Every structure is written in structure tokens, then in C-alpha cells.
Amino acid sequence: MKEDFLHYIWKFQNFNTVELVGTKGEQITVKSIGVHNQDAGPDFLNARLVIDDRDWAGNVEVHINSSDWYAHKHDLDKDYESVILHVVYKYDKPVFLRDGSEIPVLELKSLIPEVVVSNYDRLMLETDWLSCRNSLSNIDSFTLKNWLDRLLIERLEAKVSPINQTLSQLNGDWESVFYIWLAKYFGFKVNSEPFYQLAINVPFQLYSKYEQQFQIEALLFGQAGLLNKDFVDEYPNRLKTEYNFLKSKHRLFELNGSSWKFLRLRPANFPTIRLSQFASLVFRHKKMFALILKTSTINEMIELFDTRANEYWENHFLFDKPSKQNKYTNLGISGKRILIINAVVPVMFAYGKKIGDDQIIERSVRFLEELRSEDNTIISHFKSYGIDSKNAFTSQSLIQLSVAYCKNKNCLNCAIGNKIIRS
């Protein structure tokens with residue numbers, strides 16, 4: 001028996017609530033369970049009860065055993081003096097407030113249906129990461145759809161806070177915020193962190209000072225710490241010369257080039273190729289977020305991300321190392337989808353919330369509905385258990401379900417888990 005399970009039982013009144021009787025024979029009627037408190041203090045705040053025909057307003061504390069009151073030292077904490085009911089699985093000891101009055105106790109042990117405990121145990125004891133895998137086929141489509149809808153918003157809401165934090169640090173400059181988030185996901189997971197640090201290290205406003213794409217490439221490659229050696233080819237030598245001039249002019253300090261990862265990456269995903277593509281994109285769209293806000297269709301959005309690496313990379317993946325023809329100097333459709341899902345949509349969503357524009361919020365969600373689903377391990381696993389993902393809206397919802405619920409066995413706060421426990 002776990003306390004969070006008892007919280008769930010009380011919160012949803014998932015026990016026999018007819019003619020409740022306390023351990024001292026008190027007649028108890030629940031008018032309001034109270035507000036579930038996730039912080040320090042009693043578990044449910046501002047509950048309303050009738051105990052022996054007398055109305056009570058106060059807090060409810062939940063424990064496995066009544067003696068846990070003393071084990072947790074609540075008898076020494078003034079925050080618990082407003083507790084009007086002690087809800088426990090097992091009553092093993094009377095509990096008194098500091099003024100000497102005994103707290104009414106409701107014992108749940110004989111009131112919780114056995115099937116509810118059994119269903120909960122089955123979920124908790126399942127060794128697979130998806131505890132409900134054997135019961136998913138019994139979940140109705142209405143429950144599943146509504147839960148996935150909520151999960152998508154939950155996932156986007158979670159990204160609002162860090163975006164707003166970046167916005168505050170950049171004095172409300174949304175173009176700079178979007179530039180940083182775009183850079184973060186241009187690293188495509190493996191090089192996400194160095195790309196993010198690079199964007200912090202090269203202020204967005206610096207690009208507007210230059211009208212040649214080559215200068216922006218020199219800035220990025222130089223600040224990335226990838227020009228700190230002698231080269232044979234003309235292209236990297238020109239980049240190095242240009243960067244040394246810009247570095248002195250703007251008093252720049254480059255990153256450590258060793259932070260970039262090449263190992264176990266397909267050559268088309270090497271940071272050299274991605275940096276050149278990013279330089280091209282930043283050069284073409286100096287005010288990209290403004291363009292995004294004007295974009296109404298997903299096809300227009302995809303076209304915004306048309307970008308191509310410098311022609312040098314058509315037969316190179318690394319400086320001074322010729323290779324076979326590189327067919328992937330253009331940013332592919334899968335890469336564009338990743339950027340729209342992870343950079344465009346969250347920043348649009350945060351912007352819409354910040355200025356109170358529901359149309360922008362709805363458009364950001366619609367873009368996910370119109371994009372093809374992501375294809376990764378999580379999505380494949382859900383598909384093998386009968387939940388298919390047809391668009392990015394669903395794949396993002398399933399990723400949130402996996403990360404925030406399934407992997408933590410957070411079944412009590414999951415609509416699917418709730419349905420199974422109560423079935």
C-alpha cells in the first residue's frame with residue numbers, strides 16, 4: 001500500500017461512501033474532498049465535511065497507518081492543527097492535536113473495493129515500461145482521444161516557462177528567442193547543447209551587420225571553435241581569415257571545438273553540414289519569427305526552412321577531407337519537421353499565450369495536426385501495443401505520455417491508468 005494510492009482513492013472517492021463511520025462511531029458526510037496539495041502541509045486543503053451533524057471546514061491528512069501522524073512528526077507542526085479528518089488505510093493508534101483533542105479517523109481498509117486494489121497492484125508490478133500494455137485494447141476511443149489532447153497541451157505548457165525565461169533574459173526580443181530555440185534543435189539532439197551555446201555566444205543582432213552569407217558562415221564556424229588549426233583548402237582558410245578579423249572587431253570568444261560530436265553520426269548530420277545550413281537560413285531570413293507569424297499553411301512553413309549548405313560541402317563532410325558526392329546539402333523534410341515541431345510550434349504557442357492571441361495558439365496546434373508523425377522508439381513501441389500515431393500532434397502527445405507518466409509509473413494521474421484501476 002502506498003500513500004499516493006490512498007490520495008487517489010480519497011481524491012476520486014473511489015470507495016464505499018455510503019454511511020461513512022469513523023473509528024469512534026462518528027457519522028461522516030463528505031461535501032468537498034478539498035484541494036490536493038502538492039506542497040508541504042496537509043494533503044487536502046479546504047475540505048468540507050459533516051461529522052455527527054456538525055459542519056466542519058479544514059484540511060484532510062492521508063496516511064497508510066494512523067500512527068504515521070507521529071512518525072512524520074505532524075504532532076509538532078502547527079500547520080497540521082487545522083486537520084479535521086485523518087484518512088488512513090489502517091487504524092492502529094489514536095491521534096491527538098496539540099490541544100489534546102482527538103482527530104476523527106476514517107479507516108479505508110474495508111471500504112476500498114478489492115478489484116481496485118488488484119488493478120492497481122497489477123499496474124505497479126508490471127515490469128514493462130508500459131504498465132497498461134495488456135489492457136490498452138479495452139480503453140475506449142473517447143477516453144484515449146481526450147487524454148491525448150490534454151497531453152499535447154501539457155507538453156506545450158511545459159515548454160512555455162523556459163521560453164519565457166529566455167525572453168526575460170533577452171529583454172522581450174522574440175526574434176532572438178526564436179533564433180536560440182531554432183539553434184538548439186538544429187543540433188538534432190546529439191549536438192543540441194553546443195548549438196544552443198553557440199547561439200548564446202553569437203548574438204542574433206550581429207548577423208544584421210553583414211550582407212554576405214560567407215561572413216555569417218565565418219562567424220558561426222569560428223565561434224564554434226572549428227577554425228583553430230591550419231588548413232589546406234581555400235574555403236576553410238578564407239573562413240579562418242574572415243573570422244580572425246570579425247573576432248578582433250567584435251572581441252569574440254569562441255567555444256571549445258571538442259564539444260561537437262561527430263562519432264556515430266551519419267555524415268549528412270555532421271555539425272559542419274548543419275552549421276553551413278544554419279548560416280544559410282539565418283542569412284536568408286533576418287526576421288524569421290515575423291515571417292513565421294504570418295505563415296498560415298504548413299506547406300508555407302516547410303518552404304521557410306529551405307536551406308542549403310555551401311557548395312564546398314557537396315564533396316566534403318569535414319574540412320580538408322574530400323569525399324564522395326554529398327546528396328544531403330539541402331535540409332531534408334524530416335529535418336524541417338523536427339524544427340517545426342520542437343522550435344516553431346513551442347515558441348508560437350508561448351507567444352500566443354503571452355499576448356493573449358488564441359488564433360496563434362490554435363494555429364500552432366494545427367501545424368502539428370498537419371505534420372506527419374515523428375518516427376522514434378517511443379512511437380514504435382506504442383504502435384506495437386495498438387496505438388498508432390498519424391500526425392505530430394499524436395506523436396508529441398505519446399512522447400509526453402511516455403516521459404511524464406509511463407516511465408515513472410505515474411498511472412494514478414493518467415486517464416488511461418485511472419480507467420483501468422476503476423474498471
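Start by selecting Thr 143, which sits in helix α4 (helices are DSSP runs of H or I, at least four residues, numbered from the N terminus). You're looking at a predicted model, where local features need pLDDT of at least 70, side-chain atom pairs count only at pLDDT 80 or more, and totals for chains, interfaces and linings use all residues. Residues are numbered from 1 along each chain as its sequence is written, and side-chain values use heavy atoms, leaving out hydrogens and water.

Is Thr 143 buried or exposed? Buried, at a relative accessible area of 14% (the cut-off for buried is under 20%, with a 1.4 Å probe and protein chains only). Leaving aside neighbours within four places in sequence, Thr 143 is in contact with Ala 415 and Lys 419 (contact means heavy atoms within 4.5 Å).

The axes of α4 and α16 come within 9 Å and cross at roughly 150° (axes are lines fitted to C-alpha atoms over the stretch in contact, with angles from 0 to 180 degrees between N-to-C directions). Show side chains for Thr 143, Leu 144 and Trp 147 on α4, and for Ala 415, Ile 416 and Lys 419 on α16: these make the contact.

Now go to the largest pocket, about 1,200 Å³ in volume (on a 1 Å grid over the protein atoms alone, a pocket is an open set of points where a 1.4 Å probe fits, with protein on both sides within 12 Å along at least five of seven lines; lining residues have an atom within 4 Å of a point; the volume is the space filled by probe spheres set on the points). Of its 38 lining residues, select Phe 188, Lys 189, Ile 338, Asn 342 and Glu 374, the closest to the centre. Finish on α12, which gives the largest share of the lining, six residues.

Terms used. Helices (H or I, at least four residues) and strands (E, at least two) are DSSP runs, numbered from the N terminus. Buried means under 20% relative accessible area, exposed over 50%, partly exposed in between (1.4 Å probe, protein chains only).
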